[in-house]
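Let's take a friendly walk through this model, one piece at a time. Keep the structure open beside you as you read.

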Amino acid sequence: MAIYTLPELPYDYAALEPVINPQIIELHHDKHHAAYVKGANDTLEQLEEARDKDQWGAINGLEKNLAFHLSGHILHSIYWNNMDSPKDGGGGEPLAADGVGELADAITESFGSFAKFKAQLTKASATTQGSGWGVLAYEPVSGRLVVEQVYDHQGNVGVGSVPVLVFDAWEHAFYLQYKNQKVDFIEAMWQVVNWQDVSRRYQAAKASVPLISF
Ligand code: MN
């Protein structure tokens with residue numbers, strides 16, 4: 001029985017043009033994201049079989065596959081909702097006038113300014129070696145925001161961090177349109193960021209993850 005299911009896109013394939021063309025969105029969602037959903041479900045079945053048979057010879061590979069596919073599913077589910085057409089409010093900066101002032105303040109407190117945050121997330125995303133992500137995350141020990149450079153879907157991640165804005169820097173996210181110009185793609189991504197969604201995720205992370213103290 002499948003535990004995870006592929007979520008529907010919150011817009012049509014062409015909604016993010018010209019930043020991302022419809023062919024990329026269709027392949028990325030219907031093929032790549034779908035493969036991570038299937039991979040997570042298949043791995044859970046294999047783990048159940050291992051438990052039932054008490055056979056643990058493949059445990060290391062299975063746990064790695066679970067981390068990879070589950071993280072891929074989660075990051076892509078956030079990614080689709082983190083974006084919106086500029087016609088529908090995507091892009092720009094988070095502003096108090098748009099009801100996302102707490103997020104804007106948290107960015108300024110954590111990074112010095114929006115411009116410095118934008119530079120760090122752009123650099124972290126555009127310089128991933130191989131496949132990875134640039135991620136803005138809520139970090140519960142400090143109660144601040146951090147930028148993480150994630151490898152594959154699950155490496156180089158701060159334990160406890162909650163992703164609130166994710167930039168997919170895998171080649172499948174841009175190559176059909178931007179060829180080898182990853183930095184151009186990442187810079188264009190800022191035109192479709194859905195700050196309302198990022199703000200909702202930030203508020204939810206702050207509310208659900210208690211400040212960790214020692
Ligand atoms: Mn992807």
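## The hairpin

How many residues lie between β1 and β2 in the hairpin they form? There are 4 residues between these strands, and Gly143 in the turn has a positive phi of about 70 degrees. Strands here are DSSP runs of E with at least two residues, while helices are runs of H or I with at least four, and both are numbered from the N terminus.

Before going further, please note that this is a predicted model: local features need pLDDT of at least 70, side-chain atom pairs count only at pLDDT 80 or more, and totals for chains, interfaces and linings use all residues. Residues are numbered from 1 along each chain as its sequence is written, and side-chain values use heavy atoms, with hydrogens and water left out.

Two strands count as paired if DSSP finds at least two bridges between them. Tyr138 stands opposite Leu145 in β2, and Gly132 has Tyr151 of β2 as its bridge partner.

## The sheet

Angles run from 0 to 180 degrees between N-to-C directions, and axes are lines fitted to C-alpha atoms, for helices over the stretch in contact.

## A pair of helices

Helix α4 (residues 114–126) packs with helix α6 (residues 182–189) at an angle of about 145 degrees, and their axes are 9 Å apart. Thr122, Ser125 and Ala126 of α4 make the contact with Lys182, Val183, Ile186 and Glu187 of α6. Contact means heavy atoms within 4.5 Å.

## Two domains

The protein chain is divided into domain 1 (22–81) and domain 2 (86–207), with bounds from an automatic or database domain assignment. Taken over C-alpha atoms, their centres are 23 Å apart.

Across the interface, 16 residues of domain 1 are in contact with 21 residues of domain 2. The area buried between the domains is about 1,600 Å², and carbon and sulfur atoms give 70% of that area. Buried area is the accessible area (1.4 Å probe) that two parts lose on being put together, summed over both. Ile24, Leu75 and Tyr79 supply 39% of the area that domain 1 buries against domain 2, more than any other three residues.
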